[in-house]
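Can we walk through this model contact by contact?

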Amino acid sequence: MAAVKKQIRNSRYYVGEVNNLTRNGFGVYVYPNSFFRYEGEWTKGEKHGHGKLLMKDGSYYEGEFARGEIEGNGSRFWAKTGVSYSGQFSGGELHGYGVMQKGNGERYEGEFSYGLRDGNGFLVDKDEQTYEGSFHQNKRHGEGQMHYRNGDQYEGGWLLDQQQGHGVMRFGDGSVYEGQWRNNLFNGQGTMIHCSGIIYEGVWTNGRPLGGASKVVIEGGDVLEVFQETPFCVEVQLQTEVGEKATGENGRVLQISTAIRLCGLSLSTTPASLLKMMEDIKETPIPTPFGFQVVSYPLMERAFGSQVIDTAAPLAVAAVAAKSGSAQADSPLLLEGEWESGSGSDGLPLMGGTPSYLDGLFAGQEEDSTPPPANQRVLEGQAKFQNLLLAPPPHDFIPYQLMDELKRNIKKPSNRAPTDRPGLSQEKNSERRSSTGSCFTSNIKKSSIDSRSVRPGEYVIMVKDVTNPPFQGQTLPPAFALLRLFPAKTKSKNSQTDKTKSK
């Protein structure tokens, strides 16, 4: 049988093999618009088999053709965007399994449907974040896992590129949330285990706990009354914005401290020695809701077995509820002239570290070793500090010295001279009395006042949220209460009281 002789056609647009005057075999075709150029196999006048379609801007496709269409496996490159694709095609579209690489570093490997990511795939975005899971119309849709650049990891449901449905987020700081999502936010029932130790289980809305704590409240009201050498306890509750107990929250760290009122002084009438004392206090005064500022006073836990503390003294605290307005210097529950004090120091460290009142508060003095009470974690929205005692003050405690000096500088009113203007002397004396506030009990004998003993009077308790790192990026505001310390009950008085009760 004679061999078939190949026919070669050379025209303006086509150079290659022909059969019966049709393109058949290998040939090069330049389209009339000159933008496209095809080099490859032909069958019966159609591109069929392996070929390469080149474009004038540098883009191209190389791969399989079927009956004139891009069909099968091939590679595509877009010169304008730098995007490349290698995989399956159908009808000229990316369809099937393939790998797409973009010029910005984004890479996708998985299923395509007519040019779009659709089905299962693995995506690395331009920030090197990865997603593995289901896609629909180029968006994450269905079940998938996302690894974020900051270390967060999400596994769960997606809806059109947003976290939706049930999912688990493991944050880079160690926190974990499992529950319902909507629009990339916690929405619905869910549980958060925070890296600080806080656990919240309940309903979430727009990324925030619906029944989460918004404030710290000291139970028993604004005023607590205790006696010297009598350990007491302070119970604290976390409440929501509407005043309900935040029972769904556990693990928040609370710190308790006490403070003493810093008496206000007038620059025009105060001796220089007193002003110098004020400058020696290195701690920044803290404002309180009672209308005055305070500095730290040491608080401690009762040491069981100590010879100093009367272990037979009752542990209960007489908690007296009072309105905020009654917690002022002229409170009727205090003896006349009784001194007031305020909240604890600022910035105390987590988990019972050394408070600021032991950290260089008094210039030129050695630090007193008085460990503060241990911080407490909240359980079902409440916490309890037990066996508390006001500790002996540091050596040469400046607020005490300041009070004593103020007492010495307040002179008794003298007979008014005939030339004095009526009311002027009385006005000055009134200003002096108000400048000292009610700084100390006037009927306590001076000889009984020891610079290293806890003086009866009025102090301030402050409970702070020291959770670290803060839950949801927010720290709850501190809670304040007045603590009225009365002189210790003597045995004779106690005996007399017992006899009276027995009658």
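Me: What is the relative accessibility of phenylalanine 227?
Reply: Keep in mind that this is a predicted model, where local features need pLDDT of at least 70, side-chain atom pairs count only at pLDDT 80 or more, and totals for chains, interfaces and linings use all residues. Residues are numbered from 1 along each chain as its sequence is written, and side-chain values use heavy atoms, with hydrogens and water left out. Buried means under 20% relative accessible area, exposed over 50%, and partly exposed in between (1.4 Å probe, protein chains only). Phenylalanine 227 counts as partly exposed because its relative accessibility is 32%.

Me: How do phenylalanine 186 and tryptophan 204 pair up?
Reply: Rings of Phe, Tyr and Trp (its six-membered ring) pair if their centres lie within 6.5 Å; planes under 30 degrees apart are stacked, over 60 edge-to-face, and the rest tilted. That rule gives 28 aromatic pairs. For phenylalanine 186 and tryptophan 204, the centres are 5.2 Å apart and the planes are at 85°, which is edge-to-face.

Me: What kind of pair do phenylalanine 227 and phenylalanine 486 make?
Reply: The ring centres of phenylalanine 227 and phenylalanine 486 are 6.1 Å apart with the planes at 45°, so this pair is tilted. Phenylalanine 227 belongs to strand S21 (residues 223-227) and phenylalanine 486 to strand S32, so parts 259 residues apart in sequence get tied together. Phenylalanine 486 is buried, at 18% relative accessible area. The label for the pair, then, is tilted.

Me: What is the phi of leucine 21?
Reply: Most residues other than glycine have a negative phi, and most peptide bonds are trans. Leucine 21 lies in the loop between S2 and S3 and counts as exposed at 74%. Its phi is positive, near 65°.

Me: What is the omega between asparagine 468 and proline 469?
Reply: Proline 469 is in the loop between strand S31 (457-465) and strand S32 (479-486). The peptide bond joining asparagine 468 to proline 469 is cis, with omega about -5°.

Me: Which side chain of opposite charge is nearest to aspartate 125?
Reply: Aspartate 125 sits in the loop between S11 and S12, and its side chain reaches the backbone nitrogen of aspartate 127 at 2.9 Å. Lys and Arg count as positive and Asp and Glu as negative, leaving out His and the chain ends; a salt bridge needs a side-chain nitrogen of Lys or Arg within 4 Å of a carboxyl oxygen of Asp or Glu. Aspartate 125 is buried yet has no salt bridge; 6.2 Å away is its nearest opposite charge, arginine 140.

Me: Over which ring does the charged end of arginine 140 sit?
Reply: The rule asks for NZ of Lys or CZ of Arg within 6 Å of the ring centre and within 35 degrees of the ring normal. Lysine 47 does this over tyrosine 38, 5.8 Å from the ring centre. For arginine 140, at 6.0 Å from the centre, the ring is that of tyrosine 131.

Me: Which residues are linked with Glu106 in a network of salt bridges?
Reply: There are 9 salt bridges by the rule. One of them joins glutamate 106 and arginine 117 at 3.5 Å, N to O. Glutamate 106 lies in the loop between strand S9 (93-101) and strand S10 (107-113) and arginine 117 in strand S11, so parts 11 residues apart in sequence are tied together. The network links Glu106 with Lys102 and Arg117.

Me: How far apart are the closest N and O atoms of glutamate 249 and arginine 252?
Reply: Glutamate 249 is buried at 0% relative accessibility, and arginine 252 is buried at 2%. They form a salt bridge, with the closest N and O atoms apart by 2.5 Å.

Notes
Helices (H or I, at least four residues) and strands (E, at least two) are DSSP runs, numbered from the N terminus. A polar contact is a pair of N or O atoms within 3.5 Å; within protein, one must be able to donate a hydrogen and the other to accept it, and residues adjacent in sequence count only if both atoms are side-chain atoms.
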